[in-house]
Every structure is written in structure tokens, then in C-alpha cells.
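Please walk through the structure shown below, beginning with a strand and ending in the nonpolar core.

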Amino acid sequence: METVVTQLFNGLSTGSILVLVALGLAITFGLMGVINMAHGELLMVGAYVTYLSQNFFTAYAPQYQGWAFVVALPLAFGVAGLVGFLLEWSVIRFLYGRSLETLLATWGVSLIFQQLFRNLFGANNVDVQSPSWLEGGIALGDGLQFPFRRLFIILLAGLCVGGAYWFLNNTPWGLRIRAVTQNREMSACLGISTRRVDAFTFALGSGLAGIAGCAVSLLGSVGPSSGLNYIVDAFMVVILGGVGKIFGAVAGGVALGEAKTFLEFLTSSSLATALVFSLIILFLQIRPAGIFPQKGRGVDL
């Protein structure tokens with residue numbers, strides 16, 4: 001029984017990471033129709049911002065080292081969002097409506113980012129030390145413990161999902177984003193600057209990727225190629241859950257996390273990945289639009 005509970009918790013924790021990574025992708029890919037292959041590198045921007053924040057507090061304010069991660073969260077959101085805004089302004093905006101060109105261009109951007117990370121931080125991975133208040137865990141019996149770090153990631157994923165849902169449904173910018181997603185031409189006729197909405201939406205999705213990078217840094221070392229480990233799973237989560245649906249990203253992330261965890265426990269990592277992809281393909285034969293189908297229209301440029 002303890003083994004089942006442990007695997008369920010690990011699956012929920014893994015799923016929370018995937019939800020965080022896929023949340024930004026659900027906005028850029030789902031709402032805007034942009035296949036952003038550089039999404040994993042935006043995640044890495046957040047992870048390296050966390051690393052730099054740790055180094056800054058270590059050098060200049062070691063007595064407040066525990067606050068380094070707290071400070072890194074909004075910084076990662078802001079820096080990744082700014083990088084995403086510049087990426088949209090310099091590359092993406094010229095390629096709306098041309099998915100293949102967008103895929104190739106963002107793939108090239110991801111390679112540039114990876115080399116940039118290698119030049120700035122070296123080819124080896126770097127370690128981000130968890131704050132002391134996230135060490136340890138809740139022990140519920142012999143051999144059964146819920147680490148604070150993973151509980152924090154689950155809580156952070158819940159807050160990000162709730163914040164994104166609230167923003168899209170209760171703020172003027174959220175309403176503009178949904179309006180442009182539903183009908184771009186009509187939104188433009190009503191005075192909404194679709195160009196600014198595109199840039200802001202892409203920056204928002206990039207900022208959420210930065211927060212995901214912070215969370216990923218709690219689970220292990222980060223390197224220039226670490227974003228590649230999440231980009232495929234993030235796309236699978238968005239497609240499985242339903243393109244452009246926040247709750248679809250949650251359902252897809254949790255389902256994929258639980259399935260991978262249990263199959264890796266029963267078999268091996270590579271076989272589990274193959275089995276998960278097979279199960280997703282079979283599921284999409286039954287529900288091609290995912291768990292929560294998109295009822296609106298995509299961006300039609």
C-alpha cells in the first residue's frame with residue numbers, strides 16, 4: 001500500500017512539473033497557434049535566473065540566502081517574459097499563420113539559446129541549492145515521506161493554474177486575449193489592438209515557462225540542454241488535454257505524470273516512454289481533440 005501511495009504522490013509531483021511547463025505552451029500553442037520549439041529554452045532562462053539569484057545572495061547577502069528562491073520566482077517570470085516578448089517581436093510576428101516556418105524558426109532560436117547558455121555558464125550543469133525551508137518532508141510512516149520540495153511544486157502549479165484562469169476570465173487583458181482567440185477580425189473592428197495582444201500573450205506564456213524553470217531547478221542540476229527533456233512531454237500534455245484549454249493542460253499533465261511514474265516503476269524508463277506514447281496515440285484515435293476539446297477557433301491570420 002505504501003508503494004502505491006508513494007508512486008501516486010510521485011506521479012502527481014511529476015504531473016505538476018508537466019503542468020507548469022505545459023501551461024505556458026497551452027497559451028502560446030493553444031490560443032495563438034504558435035508551435036514554439038524554444039519553449040524549453042525559455043524554461044531554462046527561468047532556471048538560470050534562479051541560479052544567478054542564488055549566487056547573488058551567496059555573495060552579497062548570505063544571511064538572507066533562504067529568500068533567494070522567493071526572489072527568483074518573480075524575476076524568472078519577468079526575465080523569461082521579456083525574452084519571450086523580444087522573440088515574438090523579432091521573429092514570431094512575421095510568421096503568424098505559417099506553422100511550419102514558425103516551427104523551424106523557433107527550433108533555430110532554441111539552438112542559439114543553447115549555445116548562448118554554454119558560452120555564458122559552461123557546458124556542464126550547474127546546481128541550484130534548495131532553500132532550507134524546503135528541506136525535509138512530511139513522514140507518514142516507515143518509508144513513506146512527502147518531500148517539502150515536491151509539495152511546494154504541487155502548490156506552485158496549483159497557484160499558477162488558478163492565477164492563469166483568473167487572469168484570462170476576470171481581467172481586461174484576459175478578455176482581450178480570449179476575444180482575439182475567438183475572432184481576430186471582429187476583435188480588431190471593436191478597437192482591440194490584436195498586435196499588442198499577440199505580443200502580450202506570448203510574453204505571458206514565456207513568463208510561465210520561466211516559473212516552471214524555477215520549479216525544475218529544485219529537482220536537480222540544470223544545463224544548456226535540460227529544456228529538451230521537457231519540450232516533447234509538454235506538447236504531449238497540451239495535445240492530450242486539449243489544445244488551448246487550461247484545465248486540459250492540468251488533466252493531461254497529471255494523467256501523463258501518473259502514467260509515466262507507474263510504468264517506469266513496473267518496467268524501465270525507455271519502455272515506459274514508448275508505452276505512454278502508444279497509449280496517447282490510442283486515446284487520440286478515440287478523442288482526436290483531447291480530453292477537453294477546444295470549442296473556439298484558433299488564431300486565423
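The model is a predicted one.

The partner of E2 is strand E1, residues 137-141, and the two pair in the antiparallel sense over 4 bridges.

The next element to look at is helix H5, residues 148-170, together with helix H8, residues 194-217. Two packed helices are described by the angle between their axes and the distance between the axes. For H5 and H8, the axes come within 11 Å and cross at roughly 170 degrees. Angles over 145 degrees count as roughly antiparallel, and H5 and H8 are therefore roughly antiparallel to each other. On the H5 side the contact is made by Ile153, Leu156, Cys160 and Phe167, and on the H8 side by Phe200, Leu204, Ile211 and Ala215. By class, this contact has 8 nonpolar residues, with no polar and no charged ones.

Apart from neighbours within four places in sequence, Leu156 is in contact with Ile211, Ala215, Leu20 and Leu73. The largest nonpolar core has 74 residues, and Leu156 and Leu20 touch the most other members. Helix H1, residues 2-31, supplies the largest share of this core, 11 residues.

How values were computed. Residues are numbered from 1 along each chain as its sequence is written. This is a predicted model: local features need pLDDT of at least 70, side-chain atom pairs count only at pLDDT 80 or more; totals for chains, interfaces and linings use all residues. Side-chain values use heavy atoms; hydrogens and water are left out. A nonpolar core is a set of buried Ala, Val, Leu, Ile, Met, Phe, Trp, Tyr and Cys residues joined through side-chain atoms within 4.5 Å. Buried means under 20% relative accessible area, exposed over 50%, partly exposed in between (1.4 Å probe, protein chains only). Contact means heavy atoms within 4.5 Å. Axes are lines fitted to C-alpha atoms, for helices over the stretch in contact, and angles run from 0 to 180 degrees between N-to-C directions. Angles under 35 degrees count as roughly parallel, over 145 as roughly antiparallel, 65 to 115 as roughly perpendicular and the rest as oblique. Ala, Val, Leu, Ile, Met, Phe, Trp, Tyr, Cys and Pro count as nonpolar, Asp, Glu, Lys and Arg as charged, and the others, Gly among them, as polar. Two strands pair if DSSP finds at least two bridges between them.
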